[in-house]
Amino acid sequence: MTSDQLVSIGLPVRNGAERLGRVIDSVLAQDHERIQLVISDNASTDDTEKYCRTLAASDSRIMYHRQPENIGILGNFMATARLAEGTFFRWVSDDDRIEPACVSQSLRAFAEDERLVLVTTKIAYTGPDGVPQTGDYEGTGFLSDDPVERFTEMLRMLNESHLQIDPLYGLFRRSTLVSLRRRNMLREDEVFATKLALAGPWGHVPQVLGHRNWKHESPSILARRLDVPTWQARFATTLQCREMLGWLREAELTAEQRRHARTAVYRMYLRRQRRTATHRSRKLVRLALGRS
């Protein structure tokens with residue numbers, strides 16, 4: 001019974017002492033009883049360690065681990081998943097919060113369909129203007145038994161609004177999650193989402209059960225935050241598609257399925273390249289008009 005399963009919530013953090021209170025309270029307030037909060041402290045230099053050790057000493061549901069050195073954002077995210085003990089797993093960021101029924105509603109979807117490797121929910125995103133926004137995902141492609149149909153549905157969603165669905169902040173079968181190899185690079189989250197789509201069907205709860213803060217960052221800024229070479233910002237789409245094609249070579253697909261999946265990647269690449277070219281052309285026109 002999924003209702004009896006231990007669910008781990010992974011909280012990667014670095015220098016977040018002032019932000020942690022709300023997200024930790026929301027995790028510990030889940031109406032699912034068997035909750036484990038796994039905090040991986042990425043060598044913080046503020047009061048994060050003191051704050052978290054105090055909490056862990058007072059609540060047996062909290063596991064605190066401090067990294068002896070900075071292992072990067074992706075490394076710290078994956079550390080929480082590997083440290084976790086639950087059958088199911090979800091990430092939260094240090095400025096997120098989740099509704100009390102987030103875990104229980106997601107587990108209900110797992111109980112109704114044993115094929116699922118992931119259950120997503122609606123998420124409300126608050127931008128710099130302080131106004132929360134959300135979107136509605138109404139597709140059925142992720143429920144398909146056909147891995148290529150799920151894969152192409154994920155590629156389609158990568159060109160839609162980020163408000164509709166966010167697989168990185170859903171509830172996973174942890175065994176599936178930790179089995180997927182990841183590479184630190186720009187747009188790795190999108191590559192990882194396509195790997196998840198190939199791994200198995202997804203469910204979706206059309207209810208806002210998570211809250212995230214969101215702001216747009218340029219590729220060059222993201223490269224610095226992820227500690228990857230800044231030249232990747234100019235070739236992000238090319239590198240992303242190359243990584244997807246490499247994973248397709250390893251996936252358990254028939255030759256026909258692999259051909260269809262590769263074609264879908266090439267189409268996405270061309271769409272993004274055209275969009276980039278259009279954006280740059282408009283920017284050049286604005287610059288020219290500004291000088292005239």
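Predicted model: local features only at pLDDT ≥ 70, side-chain atom pairs only at ≥ 80, totals over all residues.

**A salt bridge and its surroundings**

Asp 136 and Lys 122 form a salt bridge in which the closest N and O atoms lie 2.7 Å apart. This pair links distant parts of the chain, with Asp 136 in the loop between strand E7 (132-133) and helix H5 (147-158) and Lys 122 in strand E6 (residues 118-126), the two being 14 residues apart.

Arg 182 forms a salt bridge with Glu 188, where the closest N and O atoms are 2.6 Å apart, and here both Arg 182 and Glu 188 are buried. The side chains of Arg 225 and Glu 217 also meet in a salt bridge, at 3.1 Å from N to O. In that pair Arg 225 is partly exposed, with a relative accessible area of 47%, while Glu 217 counts as buried at 19% relative accessibility, a value that is still under the 20% limit. A further group, made up of Asp 41, Glu 49, Arg 53 and Arg 66, is linked in a network of salt bridges.

Arg 225 can also be placed in the fold, for it is found in helix H8 (residues 219-226). Taken together with Leu 168, Arg 225 gives a separation of 57 residues in sequence and of 18 Å in space, C-alpha to C-alpha.

Asn 42 is found in the loop between E2 and H2, and Asn 42 is buried, with a relative accessible area of 4%. The C-alpha atoms of Asn 42 and Asn 76 are separated by 6.4 Å, although these residues are 34 residues apart along the chain. Ala 43 has its place in the loop between strand E2 (35-41) and helix H2 (48-58), and at 11% relative accessibility Ala 43 counts as buried. The backbone of Ala 43 calls for care, as this residue has a positive phi of about 55 degrees although it is not a glycine. Most residues other than glycine have a negative phi.

A positive phi is also found at Arg 187, where the angle is about 60 degrees although the residue is not a glycine. Arg 187 lies in the loop between helix H6 (174-179) and helix H7 (188-199), and with a relative accessible area of 28% Arg 187 is partly exposed. Helix H7 is also the place of Ala 197, a residue that is buried, with a relative accessible area of 0%. The C-alpha atoms of Ala 197 and Glu 153, which are 44 residues apart along the chain, are separated by 8.4 Å.

Charge gathers on the surface as well: Arg 267, Arg 271, Arg 274 and Arg 275 come together there in a patch of positive charge. One of these, Arg 274, is found in helix H10 (residues 255-291), and Arg 274 is exposed, with a relative accessible area of 53%, which is over the 50% limit.

These parts can finally be set within the whole. The protein chain has 10 helices and 9 strands, and along its principal axes the C-alpha trace spans about 65 × 50 × 35 Å. With 292 residues, a compact globule would have a radius of gyration near 19 Å, and the 20 Å of the protein chain agrees with that expectation.

Notes: Residues numbered from 1 in each chain as written. Heavy atoms only, no water. Patch = residues over 30% accessible without salt bridge, like charges linked within 9 Å, V, L, I, M, F, W, Y side chains within 5 Å. Areas by Shrake-Rupley, 256 points an atom, 1.4 Å probe, with all protein chains shown as cover. Salt bridge = Lys/Arg side-chain N within 4 Å of Asp/Glu carboxyl O. Lys, Arg positive; Asp, Glu negative; His and termini not counted. Charge placed at Lys NZ, Arg CZ, Asp CG, Glu CD. Helix = DSSP H or I, 4+ residues; strand = E, 2+ residues; numbered from the N terminus. Buried < 20%, exposed > 50% of the residue type's maximum accessible area, 1.4 Å probe, protein only. Rg over C-alpha atoms; globule rule 2.2 N^0.38 Å.
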